[in-house]
Amino acid sequence: MPAERCNKCRFWLEDMSNRDPHDADWGFGSCRREPPRLVEVIVKPLMPALAYGQQTDPDMMPLDLVSASRFPATSAIDWCGRYEAVADEVAA
């Protein structure tokens, strides 16, 4: 298994509620290399339908946008190709 994987990357944040304390290679988390992205299936129900011919976009509440955005979810052994070592591993 390659050493360059999500659970060894400085951008990965492990989901501590969904992990195996006996196996560091089993678990899930989120990649925080890029900003969160809006998830269309979450955004769509939050946006009101525009009336026919209405030319303006509805104003969404900031809280709606926050609740509809996510960091990409990954497993501990995933690898995207943009790996950066954790500072402790670089010094070793």
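Me: Which residue stands opposite G27 in β2?

Reply: R19 stands opposite G27. Keep in mind that this is a predicted model. R19 belongs to β1, since that strand covers residues 12-19, and β2 covers residues 27-31.

Me: How many bridges join β1 to β2, and how do the two strands run?

Reply: Four bridges join the pair, and the strands run antiparallel.

Me: Where does this pair sit in the sheet order?

Reply: Three strands make up an open sheet, in the order β1-β2-β5, with antiparallel pairing. The edge strands are β1 and β5 (73-75), each of which pairs on one side only. On average, neighbouring strands of the sheet are turned by 35 degrees against each other, direction ignored.

Me: What else does the protein contain, and how do its elements run from the N terminus on?

Reply: There are three helices and five strands. Read from the N terminus, the elements run β-β-β-α-α-β-β-α.

Me: How many disulfides are there?

Reply: A disulfide is a covalent bond between the sulfur atoms of two cysteines. To count as one here, the two sulfur atoms must lie within 2.5 Å. The count comes to zero. For C31, the nearest cysteine sulfur is that of C80, 5.5 Å away, and C31 is in no disulfide. C80 is in no disulfide either, its nearest cysteine sulfur being that of C31.

Me: Are C31 and C80 buried or exposed?

Reply: Buried means under 20% relative accessible area, and exposed means over 50%. C31 counts as buried because its relative accessibility is 18%. C80 has 55%, so C80 counts as exposed.

Me: What share of the protein do buried residues make up?

Reply: Of the 92 residues, 18% are buried. The accessible surface comes to about 7,200 Å², and 58% of that belongs to carbon and sulfur atoms.

Me: Where is N7, and is N7 buried or exposed?

Reply: N7 lies in the segment before β1. Its relative accessibility is 16%, so N7 counts as buried.

Me: Which residues does N7 touch, and which side chains make polar contacts with the side chain of N7?

Reply: Leaving aside residues up to four places away in sequence, N7 touches W12, A24, D25 and A76. The side chain of N7 makes a polar contact of 3.2 Å with that of D25. Another polar contact, of 3.0 Å, links the side chains of N7 and R5.

Me: What share of contacts join residues at least 24 apart?

Reply: Among contacts between residues at least 6 apart in sequence, 66% join residues at least 24 apart.

Key
Residues are numbered from 1 along each chain as its sequence is written. This is a predicted model: local features need pLDDT of at least 70, side-chain atom pairs count only at pLDDT 80 or more; totals for chains, interfaces and linings use all residues. Side-chain values use heavy atoms; hydrogens and water are left out. Buried means under 20% relative accessible area, exposed over 50%, partly exposed in between (1.4 Å probe, protein chains only). Contact means heavy atoms within 4.5 Å. Accessible areas come from the Shrake-Rupley method with a 1.4 Å probe; for residues, only the protein chains shown count as cover. Two strands pair if DSSP finds at least two bridges between them. Axes are lines fitted to C-alpha atoms, for helices over the stretch in contact, and angles run from 0 to 180 degrees between N-to-C directions. A polar contact is a pair of N or O atoms within 3.5 Å; within protein, one must be able to donate a hydrogen and the other to accept it, and residues adjacent in sequence count only if both atoms are side-chain atoms.
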